[in-house]
Amino acid sequence: MIQQSIVDIGRLKRALGLFSDDQFDGQDVLMTRYDSLNAELSSRAFSLQRLPNSSAFECLQRVAAASNYVSRRLSDVFFRLYQIRWMTQVLLSAEGEDLAPWYTVAGLAVKDFHFDVASCMDSIAPLIIETHIGVKRKDRKFLPGFSHIQKDRRYREKLPSQTVTLLDSTERWWPSIKSIRDILIHREHDRIVFGNPRMGVLFQVYQERASPKILDASFMYPDATNVVDFTRYSAFVLCEILLLLEDLVDQIC
């Protein structure tokens, strides 16, 4: 449940700085240090392929593979947001069409967004572990998730203190978002979409006795009560993930 504000305005401003004023096809360009690092890791791993039986190559290859996996899961989040925008535009152009399906598909999109975000967060754990420790052989088939490097979990005690501090900083926002994800995926709930596509995706998650689960004023649609504006909500989540990855660059290098 999200009751008190989990938004840090300073971090949102910092995240906005990742977007360049130069546009590509009318869209803002996202410039991150993490993207540059990911490309460099892949390049280094490729160059070391000529050194057979090299422990350095094996280690770097695992780190590069973990980094690429994070990039793919982050891409899923971006593509999900694109899908939601595309879906909204299609329905907006369908004047006179029955918009009843909107309330179902928009609700499913909200659920799927949380699923993609959780997958992205879980993908970060193997990258951190491979960088500092190395994932245990017995865990390589079913990789550890983000919960394994949070408080009182295995692997955590072997991580550098600065990495632990960075992980602890996610306690401000990630447990709250994950709690909504857990409700949407695993718990009995009502997921209601309000308004119409012209207003954007407006939603709320309810549980027992019609109790709304997201009450942070930063995410609310201004002309309604306890209605979440998905654009505000998803922008916040995406900004926090991007900044987490940016800060991880210092830990990996």
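The legends below accompany a set of close-up views of a predicted model.

**View 1. The whole chain, as a starting point for the close-ups.**
Let's get our bearings before zooming in. The predicted chain is built from seven helices and six strands. Following the sequence, these elements come in the pattern α-β-β-α-α-α-α-α-β-β-β-β-α. Of its 253 residues, 45% count as buried.

**View 2. Strand β4, enclosed by the rest of the structure.**
Here we look at strand β4, which spans residues 202-207. Six of its six residues are buried, so the strand is largely enclosed by the rest of the structure. Its side chains point two ways: Leu-202, Gln-204 and Tyr-206 go one way, while Phe-203, Val-205 and Gln-207 go the other. Whichever way they point, all of these residues are buried.

**View 3. The strands that pair with β4.**
Strand β3 (residues 190-194) runs antiparallel to β4, and five bridges join the two. Within this pairing, Arg-191 has Val-205 of β4 as its bridge partner. Strand β6 (residues 228-229) is also antiparallel to β4, with two bridges between them.

**View 4. The hairpin of β4 and β5.**
What lies between β4 and β5 in their hairpin? Three residues separate the two strands, and Arg-209 in the turn has a positive phi of about 55 degrees. Strand β5 covers residues 211-212 and pairs with β4 in the antiparallel sense over two bridges. Across this pairing, Tyr-206 stands opposite Pro-212 in β5. A salt bridge joins the side chains of Glu-208 and Lys-213, at 3.7 Å from N to O. Lys-213 is buried, with a relative accessible area of 5%.

**View 5. Aromatic rings around Phe-236.**
Aromatic side chains take over in this view, and the model has seven aromatic pairs. In one of them, the ring centres of Trp-173 and Phe-236 are 6.4 Å apart and the planes lie at 90 degrees, so the pair is edge-to-face. Trp-173 sits in the loop between α5 (161-169) and α6 (174-186), whereas Phe-236 belongs to helix α7 (residues 230-252); the two are 63 residues apart, and their pair links distant parts of the chain. Trp-173 counts as buried at 1% relative accessibility, and Phe-236 counts as buried at 2%. Phe-236 also pairs with Phe-219: their ring centres are 5.4 Å apart and their planes are at 50 degrees, so this pair is tilted. Phe-219 lies in the loop between β5 and β6, so its pairing with Phe-236 in helix α7 ties together parts that are 17 residues apart in sequence. Phe-219 is buried as well, with a relative accessible area of 1%. Stepping back, ring pairs link Phe-113, Trp-173, Trp-174, Phe-203, Phe-219, Phe-230, Tyr-233 and Phe-236 into a cluster.

Side chains of opposite charge can pair when their charged atoms come close. The structure holds 13 salt bridges. One of these brings together the side chains of Arg-14 and Asp-247, at 2.6 Å from N to O. Arg-14 lies in helix α1 (residues 9-16) and Asp-247 in helix α7, so the contact ties together parts that are 233 residues apart in sequence. Are the two residues buried or partly exposed? Arg-14 counts as partly exposed at 38% relative accessibility, whereas Asp-247 counts as buried at 17%.

**View 6. Further charged contacts.**
Several other charged side chains deserve a look. Arg-181 forms a salt bridge with Asp-182, their closest N and O atoms being 3.0 Å apart. Both Arg-181 and Asp-182 are buried. Elsewhere, salt bridges link Arg-11, Arg-172 and Glu-240 in a network. A ring takes part in another contact: the charged end of Lys-136 sits over the ring of Tyr-155, 5.3 Å from its centre.

**View 7. A nonpolar patch on the surface.**
We finish on the outside. Tyr-82, Trp-86 and Val-90 form a nonpolar surface patch, and together they have about 320 Å² of accessible area. Tyr-82 is placed in helix α3, which covers residues 55-93. With a relative accessible area of 47%, Tyr-82 is partly exposed.

Definitions and conventions
Residues are numbered from 1 along each chain as its sequence is written. This is a predicted model: local features need pLDDT of at least 70, side-chain atom pairs count only at pLDDT 80 or more; totals for chains, interfaces and linings use all residues. Side-chain values use heavy atoms; hydrogens and water are left out. Patches are made of residues with over 30% relative accessible area and no salt bridge: like charges are joined within 9 Å, nonpolar side chains (Val, Leu, Ile, Met, Phe, Trp, Tyr) within 5 Å. Accessible areas come from the Shrake-Rupley method with a 1.4 Å probe; for residues, only the protein chains shown count as cover. A salt bridge is a side-chain nitrogen of Lys or Arg within 4 Å of a carboxyl oxygen of Asp or Glu. Helices (H or I, at least four residues) and strands (E, at least two) are DSSP runs, numbered from the N terminus. Buried means under 20% relative accessible area, exposed over 50%, partly exposed in between (1.4 Å probe, protein chains only). Two strands pair if DSSP finds at least two bridges between them. Rings of Phe, Tyr and Trp (its six-membered ring) pair if their centres lie within 6.5 Å; planes under 30 degrees apart count as stacked, over 60 as edge-to-face and the rest as tilted. A charge sits over a ring if NZ of Lys or CZ of Arg is within 6 Å of the ring centre and within 35 degrees of the ring normal.
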